[in-house]
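Hello,

I am passing a structure on to you, with some notes on what turned up in it. Please open it next to this email and follow along.

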Amino acid sequence: MTIRILIADDEALLRMAFSTVLEAQPDMAPVGEAADGGEAVRLARELRPDVVLMDVRMPGTDGIEATRQLVEISPRSRVLILTTFDLDEYAFAGLNAGASGFLLKNTRPEELLTAIRSVAAGDAVVSPRITRRLLENFRPHIPGGGGAGHDERLSRLSAREREVLVQVGRGLSNTEIAATLYLAEATVKSHLGRILHKLELRDRVQAVIFAYESRLVRPA
């Protein structure tokens, strides 16, 4: 299957560089370019790309707001945020807006390609540990963070699925969860897939956020 990719960046040379790298891959096809967030949202509505490479700082509508709008109008499109700035604020804002990943622009091409494939497959490319650190640092800014936080959707999960979700929220990888709960890694992956379906979540990042918002996991 070919991964259809929309590139959103206000620098023409960077768009061209990304496009050149993507066109060399047999399983990827750049389908459009946008110079600002507003154009990215418009093109995403028309083209329905599988993945959007989204810059943070752009004129007009920035990448964070564009991500928020894009996941509403094209929920099947995954957003991978790329930025020059290694700031927790950008990473958290992007993830909370619905992005499935966060990378720096100086990421090596092979790492970018791996990230695109992971995001297109429905996974998150920000490590669970980084996600946990962001949530702990910015817990006061998470909507609903001050209340009891119980979410009725938790009742949809089996006892084992809750256990898996707790470990996801604590920042463990599938391999680590398998070792902790004495399960096969494939079983953990199956549980996670059912958790995402039952809770109506897009990916692992949203599962971690849900675990914190529902107070199933609490910051240290």
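Is Leu 154 buried or exposed? Leu 154 is buried, because its relative accessible area is 3% (buried means under 20%, exposed over 50%, partly exposed in between, with a 1.4 Å probe and protein chains only).

Before you go further, note that this is a predicted model, where local features need pLDDT of at least 70, side-chain atom pairs count only at pLDDT 80 or more, and totals for chains, interfaces and linings use all residues. Residues are numbered from 1 along each chain as its sequence is written, and side-chain values use heavy atoms, leaving out hydrogens and water.

You will find Leu 154 in the loop between helix H6 (128-137) and helix H7 (159-169). Helices (H or I, at least four residues) and strands (E, at least two) are DSSP runs, numbered from the N terminus. Leaving aside residues up to four places away in sequence, Leu 154 touches Arg 162, Leu 165, Leu 199, Phe 210, Ser 214 and Leu 216 (contact means heavy atoms within 4.5 Å). From Leu 154 to Leu 199 is 45 residues in sequence, yet 7.6 Å in space, C-alpha to C-alpha.

Now for the sheet. It is open, with 5 strands in the order S2-S1-S3-S4-S5 and parallel pairing (two strands pair if DSSP finds at least two bridges between them). Strand S2 (28-34) and strand S5 (101-104) are the edges, each pairing on one side only. Strand S1 (residues 3-8) runs parallel to S2 and is joined to it by 6 bridges; Ile 7 has Glu 33 in S2 as its bridge partner.

Enjoy exploring!
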